[in-house]
Amino acid sequence: SAKIFMIQPPPIPNSAKTITPPPMPPEIVLSPLLLALIPVLAIFCKSDGVVSKPEIDLVNSFFTSVLNLNQEHRRSAILLFQKSKDSQLSFAHYLNQLALARPDPAILHMIVDLLMAIAISDGEISTAEESLLSNLIEQLNLADSSYHQYQRRKQQRHKSTSPRQTSQRSEYLATLGLSEG
């Protein structure tokens, strides 16, 4: 439910205060989960060297359609995304922040699905994107995610003796239950 993302964040212990969010008006508050997730999205989008328009469109759609962020929260989320894509902090750092937010496993699986959709949105899944997805799965200890399903399909395809010409994008789309077009 979208309400989970709009709550006032609880006090953060000093040991966890490693994120310095961009300055925002005091009335605009993003949850600890979003303060960790948005930099993960930003660094992931930029991992292949450039943040493409399809990636931006997907993240924007996530902010408006899935999270139902109002205009002020959306503006804060975009500002955090823009600042985070050039952050000196690592993807692993933000994954630790994400783990500290203790999201429900269903939310973690939704995040994996979102990252997979971002990875295929520009037509090609880069080695960097694949590596970050793998790191996320391992660090957050996720079992049987859509990424695991994709990996199994990919391994089966490579083991197959038939000369199937399935693109990487098609594999991801099939895993997410989508089709071309």
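Visitor: Good to know! How many helices and strands are there in the protein?

Guide: There are 8 helices and 0 strands.

Visitor: And how confident is the prediction, as a mean pLDDT?

Guide: The mean pLDDT is 75, with 62% of the residues reaching 70 or more. Confidence is highest in α2, at a mean of 92, and lowest in helix α7 (residues 146–159), at 61.

Visitor: Which stretches have a pLDDT below 50?

Guide: Residues 1–13 are one of them; this stretch has 20 contacts in the model beyond near neighbours in sequence. Residues 19–28 are also below 50, and they have 17 such contacts.

Visitor: Let's look at α2, then. How far does it reach?

Guide: Helix α2 covers residues 53–66, which is 14 residues. From first C-alpha to last it reaches 19 Å, close to the 20 Å expected at 1.5 Å a residue.

Visitor: Which of its residues are buried?

Guide: In α2 the buried residues are Glu55, Val59, Phe62 and Phe63. Looking down the helix axis, they fall within an arc of 95 degrees, so they line one face of α2.

Visitor: Why do residues three or four places apart point the same way?

Guide: An α-helix has 3.6 residues a turn, so residues with that spacing point the same way.

Visitor: And what do the buried residues of α2 pack against?

Guide: They pack against α1 (32–46), α3 (71–84), α5 (105–121) and α6 (127–139). Just after α2, by the way, Asn68 takes a positive phi of about 55 degrees.

Visitor: On to α3. What happens at its start?

Guide: There, a side-chain oxygen of Asn70 reaches to within 3.1 Å of the backbone nitrogen of Glu72.

Visitor: Which residues of α3 are buried?

Guide: His73, Ser76, Ala77, Leu80, Phe81 and Ser84 are buried in α3. Down the axis of α3 they fall within an arc of 140 degrees, so they line one face of that helix. What covers them includes α1 and α2.

Visitor: Where is Ile43, and is it buried or exposed?

Guide: Ile43 is in helix α1. Its relative accessibility is 15%, so Ile43 counts as buried; the cut-off for buried is under 20%.

Visitor: How far is Ile43 from Ser84?

Guide: Ile43 and Ser84 are 41 residues apart in sequence, but their C-alpha atoms are 6.8 Å apart in space. Leaving aside neighbours within four places in sequence, Ile43 is in contact with Ser84, Leu89, Ser90, Phe91, Tyr94 and Leu132.

Visitor: What about the largest nonpolar core, how many residues does it have?

Guide: The largest nonpolar core has 43 residues, and Leu115 and Leu136 have the most contacts inside it. The elements giving two or more residues to this core are α1, α2, α3, α4 (91–100), α5 and α6. The largest share, 12 residues, comes from α1.

Visitor: Which residues is Leu136 in contact with?

Guide: Setting aside neighbours within four places in sequence, Leu136 is in contact with Val40, Phe91, Leu95, Ile111, Val112, Leu115 and Leu142.

Visitor: One last thing: what percentage of the protein is made up of buried residues?

Guide: Buried residues make up 40% of the 181 residues in the protein. As for contacts with a separation of 6 or more, residues 24 or more positions apart account for 72% of them.

Technical notes
Residues numbered from 1 in each chain as written. Predicted model: local features only at pLDDT ≥ 70, side-chain atom pairs only at ≥ 80, totals over all residues. Heavy atoms only, no water. Helix = DSSP H or I, 4+ residues; strand = E, 2+ residues; numbered from the N terminus. Expected span 1.5 Å × (residues − 1). Buried < 20%, exposed > 50% of the residue type's maximum accessible area, 1.4 Å probe, protein only. Arc of directions from axis to C-beta. Contact = heavy atoms within 4.5 Å. Polar contact = N/O pair within 3.5 Å; in protein donor to acceptor, adjacent residues only side chain to side chain. Core = buried A, V, L, I, M, F, W, Y, C linked by side-chain atoms within 4.5 Å. pLDDT = per-residue confidence, 0-100.
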